[in-house]
Number of protein chains: 2
Amino acid sequence: MPPKPARTPAAEILTSVTMDLFRVDHLILNAGDRLAAHLGLTGTRWQILGAVVRSTTPQTVAGLSRDLGSNRQNVQRVIHDLVRLEMLTLEPNPKHRRAPLVVLTGKGRQTYDAAMKLQAPWANAVTQGMGLDDLLTFQRVIAELRTRLAPRPGLTENIEVRGKGKTGPATATTNPG
Amino acid sequence: MPPKPARTPAAEILTSVTMDLFRVDHLILNAGDRLAAHLGLTGTRWQILGAVVRSTTPQTVAGLSRDLGSNRQNVQRVIHDLVRLEMLTLEPNPKHRRAPLVVLTGKGRQTYDAAMKLQAPWANAVTQGMGLDDLLTFQRVIAELRTRLAPRPGLTENIEVRGKGKTGPATATTNPG
DNA sequence: CGGATATTGACATCATGATGTCAATTTTGG
DNA sequence: CCAAAATTGACATCATGATGTCAATATCCG
């Protein structure tokens, strides 16, 4: 039997819980897909629409991607999809000629509200009978993990490899083909 | 202000914690990618290799996909990648002529062990100073959510739409293009 | 035994996430 | 003001997840 690498008890728990975490994440995203499907939304679109809804002042695409902790490029693509679906519009940004502001349309607002209305009974059913204290602890631990795992605690920036230099080939991803 | 759909306090917590859950999931998968990159692994390949390692008796691809809670088709693709990388082999299954058994190779074992060895200090660092009780509760809640969100509690099967009949177009997924 | 049904591997398509790159624009530093 | 650096939108590529489909095979049931 190979000697296990030394892990603290806490690290053992994190390790063993990871797989369940992945499965729950997939299951929730899947449930979101099903809930919002007939509204023309997917889980991802719902998420991004939510980021726009929550933003108190109109944001640029890059700003929203920072809020979401996602990469700029994919957020841009989905926002363009939502613009095509007339749930968002891009309005001129007086502060930046190239970076328009993302604004919710009436249809976008209605769709988001409808999705959240569908989500309510789902969330009620899923948490039915679960201990409130446990859920609060769960919330606290998740938030703590998010903070600790953030690329640089305190900096919300997306480190985008300033590619120009081509300093390293970065052959990280295997390309078996 | 639009009237919020009625949610129990527990459902409110689940709703508000979802975004952090997604972010933590992405961050962990990303950390896994970085940890295992130079071993020729990705987060997904690591996961699937782990499923093979944990299986006491050799499984078929479909069996492994059930273990992983993932869909058969994508697991098959990744397993073929791992076979190409010589980390897995497909051996004849006396019970089923078309469904070979997935077996770990020496290289696969070594790669998996190396990945777990890299993961240990990472897990130690991430959980450094976190309360053990909180982590245990976290583990319990995640497991409970996984059970509750499972397609059918108790049935491990993947409901695959028996397509033949073409009874309904199932126009769930939006196709904006 | 023999047909109906389910399982399994394989292939295809689309949505998404990660990453690299580039040009246009803004910001910064002198 | 001007040049260097950073930001931003856009485009491209690859890995992955979800889904549909099909043929081969296995299992079930009469």
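Me: What makes the pair formed by the backbone oxygen of G40(B) and the side chain of R45(B) a polar contact?

Reply: In this predicted model, the backbone oxygen of G40(B) lies 3.4 Å from a polar atom of the R45(B) side chain, and because the cut-off for a pair of N or O atoms is within 3.5 Å, the pair counts as a polar contact.

Me: Why is R45(B), a residue of helix 2 of chain B, called buried or exposed?

Reply: R45(B), which lies in the helix spanning residues 43-54, has a relative accessibility of 7%, and since buried means under 20%, R45(B) is counted as buried.

Me: How do you know that the aromatic pair of F138(A) and F138(B) is stacked?

Reply: The ring centres of F138(A) and F138(B) are 5.7 Å apart, with 20 degrees between the planes; pairing requires centres within 6.5 Å and stacking requires planes under 30 degrees apart, so the pair is stacked. F138(A) belongs to helix 6 (residues 132-149) of chain A and F138(B) to helix 6 (residues 132-149) of chain B, so the pair joins two chains. At 1% relative accessibility F138(A) is buried, and F138(B), also at 1%, is buried as well.

Me: How do you know what kind of axis relates the two copies?

Reply: Chain B is superposed on chain A, with an RMSD of 0.1 Å, by a rotation of 180 degrees and a shift of 0.0 Å along the axis, and the copies are therefore related as by a two-fold rotation axis. Among the residues of chain B, F138(B) comes closest to that axis, with its C-alpha at 2.5 Å.

Note on methods. Residues are numbered from 1 along each chain as its sequence is written. Chains are lettered from A and ligands numbered from 1 in the order in which they are written. This is a predicted model: local features need pLDDT of at least 70, side-chain atom pairs count only at pLDDT 80 or more; totals for chains, interfaces and linings use all residues. Side-chain values use heavy atoms; hydrogens and water are left out. Helices (H or I, at least four residues) and strands (E, at least two) are DSSP runs, numbered from the N terminus. Buried means under 20% relative accessible area, exposed over 50%, partly exposed in between (1.4 Å probe, protein chains only). A polar contact is a pair of N or O atoms within 3.5 Å; within protein, one must be able to donate a hydrogen and the other to accept it, and residues adjacent in sequence count only if both atoms are side-chain atoms. Rings of Phe, Tyr and Trp (its six-membered ring) pair if their centres lie within 6.5 Å; planes under 30 degrees apart count as stacked, over 60 as edge-to-face and the rest as tilted. Copies are superposed by least squares on the C-alpha atoms of residues with pLDDT of at least 70 in both.
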